[in-house]
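Student: Could you take me through one part of this model in close detail? I would like to see how two packed pieces meet, and then what lies around them.

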Amino acid sequence: MSALDALGLDPDQEAVACAGDGPTLVIAGAGTGKTRALVGRVAALLERGVAPDRILLLTFTHRAAQRMLRAVHDLGLPAADGVVGGTFHSVAYQLLDRHPEAIGFPGGFRVMDADEDRADFLALAREHGFELRAAERLHQVASLCVNARLELEAALARRAPHLLPRVEAARALMRHAMHRRAERGLMSFDDLLLWLASLLESDLPLARALRARFEHVLVDEYQDTNALQSAIVFQLAAGSGQLVAVGDDAQAIYGFRGADVAHLLTFTHHLPHARVLTLTRNYRSTAPILALANASIAHNALRFDKTLRAVRPEPGVDPIVALCATPEVEATFVAERVEAMIAQGASPHHIAILYRNHRQSRLVQEALTRLGIGVQTRSPLGVLQHPGARLAVDLLQLALRPGDLALRQRILGAIPHVTPRQLDRALQAAAQAPSLPHALTDLRLRKHLPAEAHHALDRHADHRTHHPPGPPPPPRGGP
């Protein structure tokens with residue numbers, strides 16, 4: 001039995017997996033097995049002899065990328081692990097890190113985390129005369145300029161019209177921030193995509209090689225692409241024309257981040273010869289839930305025509321739609337529903353509350369507490385966002401990049417009572433640590449630090465989650 005046959009695809013998924021050459025748009029409703037269909041596509045390509053490193057899988061979250069690559073690995077094909085895949089940002093890093101000199105970073109570069117990037121921008125904004133609230137907004141506007149490929153005036157009009165009178169000062173700030181990052185060999189997350197797009201749109205030999213490198217480009221959640229990501233996709237697929245984009249116009253919810261569902265809706269305008277396939281067999285929800293979803297989606301003004309069909313045989317429970325006037329009313333409604341379910345015999349451990357934004361959790365927790373109902377929340381933070389892991393990563397990175405003054409300053413601020421000389425000695429020990437936890441607890445590191453600093457290291461190491469030469473010219477598309 002072939003790896004493709006072993007996946008047990010339904011007819012719609014098999015049509016995606018076995019589609020012929022040329023661009024393909026797959027409209028995949030929620031719960032219709034789009035990941036399985038994409039993995040099936042990879043299996044079909046590998047089985048017909050396509051080299052794995054000529055296949056690129058792009059998606060939006062680290063978790064989704066890991067799940068998809070794990071599914072490819074589980075195909076059991078000898079070449080499966082050679083498939084290139086990841087988030088847009090991780091793939092951009094892989095492509096740029098091999099040839100940093102091509103984009104003006106002869107000594108390589110380091111990617112700043114979100115907090116470091118924000119703090120650096122706000123500090124620079126103060127030097128340019130912007131108070132904190134305006135600086136925070138300009139940081140968001142700068143990101144929108146890059147990701148939506150907007151002129152600064154248009155981005156300000158959309159997100160901060162009150163700052164339009166200071167447009168030239170804002171432009172100077174954003175250009176200064178970009179140049180300063182480049183001078184120090186640093187990139188923000190936005191810079192990763194900006195520099196990659198700039199490179200791909202150039203006529204440099206490396207750009208031509210990258211455009212020709214991938215024979216097949218497969219993109220998941222295409223409705224979430226912004227203008228910059230869409231441009232990167234089309235450039236990477238330009239050499240072969242073999243592009244498969246999978247998405248759902250009814251699940252486009254990231255407009256606030258610069259995503260634009262128009263890239264999905266206009267896919268066939270840009271590629272008129274593209275085939276369009278649809279996945280409508282839903283394996284996740286019961287028929288009553290899908291009936292509500294279909295009725296809601298039918299009112300969308302711009303959409304692809306599809307009707308989700310339930311595969312699950314059980315009839316299910318009718319969903320309830322509640323229109324609440326305020327977030328407080330909504331939280332109270334949810335809490336009272338939970339109270340009623342518990343009174344009817346439901347176990348609190350079998351009740352889950354999902355919310356769109358973690359900021360909503362406070363109101364829900366308060367409403368439940370007023371009714372005497374305990375609640376456990378899961379932290380939205382990834383492990384590397386917590387202080388201990390961040391300090392460990394910083395120590396290891398500085399051991400590799402001892403000239404990174406921004407990292408040095410951040411570490412000195414995180415570990416009090418440490419002198420630069422003591423830090424240098426500790427860095428040599430950190431570089432020999434076998435793992436990230438060891439980087440904080442290893443005695444070889446600690447013996448170079450004063451006793452007062454050990455307490456700070458212990459706080460970081462014990463931190464628990466709720467659950468587990470002159471700057472190069474800025475790339476085109478910047479502020």
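Tutor: Helix H10 passes helix H12 in a left-handed crossing. This comes from a predicted model. H10 covers residues 189-200, and its axis lies 10 Å from that of H12. The two helices pack at an angle of about 40°. H10 and H12 are therefore oblique to each other. The cut-off explains the word: angles under 35 degrees would count as roughly parallel.

Now look at who makes the contact. H10 contributes Leu 193, Leu 194, Leu 196, Ala 197 and Leu 200. From H12 come Leu 228, Gln 229, Ile 232, Gln 235 and Leu 236. Sort these residues by type. Eight are nonpolar, two are polar and none is charged.

Next, step back along the chain from H12. Helix H12 spans residues 227-236, and a loop links strand E6 (216-219) to it. Thr 225 sits in that loop. Is Thr 225 buried or exposed? Its relative accessible area is 0%. Buried means under 20%, so Thr 225 is buried.

What does Thr 225 touch? Set aside residues up to four places away in sequence. Its contacts are then Phe 60, Phe 88, Ser 230, Ala 259, Asp 260 and His 263. There is a polar partner too. A polar atom of the Thr 225 side chain lies 2.8 Å from the backbone oxygen of Tyr 222.

For another helix pair, turn to H6 and H9. H6 covers residues 114-127, and H9 covers residues 167-183. Their axes come within 10 Å and cross at roughly 130°. That angle makes H6 oblique to H9. Here the crossing of H6 past H9 is right-handed. On the H6 side, the contact uses Asp 117, Asp 120, Phe 121, Leu 124, Ala 125 and Glu 127. On the H9 side, it uses Leu 173, Met 174, His 176, Ala 177, Arg 180 and Arg 181. The contact of H6 with H9 holds six nonpolar residues, one polar and five charged. Recall that the contact of H10 with H12 has no charged residues.

Beyond its neighbours within four places in sequence, Asp 12 is in contact with Thr 278, Leu 279, Thr 280, Arg 281 and Arg 309. Asp 12 and Thr 32 are 20 residues apart in sequence, and their C-alpha atoms are 9.4 Å apart.

Conventions: Residues numbered from 1 in each chain as written. Predicted model: local features only at pLDDT ≥ 70, side-chain atom pairs only at ≥ 80, totals over all residues. Heavy atoms only, no water. Helix = DSSP H or I, 4+ residues; strand = E, 2+ residues; numbered from the N terminus. Buried < 20%, exposed > 50% of the residue type's maximum accessible area, 1.4 Å probe, protein only. Polar contact = N/O pair within 3.5 Å; in protein donor to acceptor, adjacent residues only side chain to side chain. Contact = heavy atoms within 4.5 Å. Axes fitted to C-alpha atoms, helices over the stretch in contact; angles between N-to-C directions. Parallel < 35°, antiparallel > 145°, perpendicular 65-115°, else oblique. Left-handed = near helix turned anticlockwise from the far one by under 90°. Nonpolar A, V, L, I, M, F, W, Y, C, P; charged D, E, K, R; others polar.
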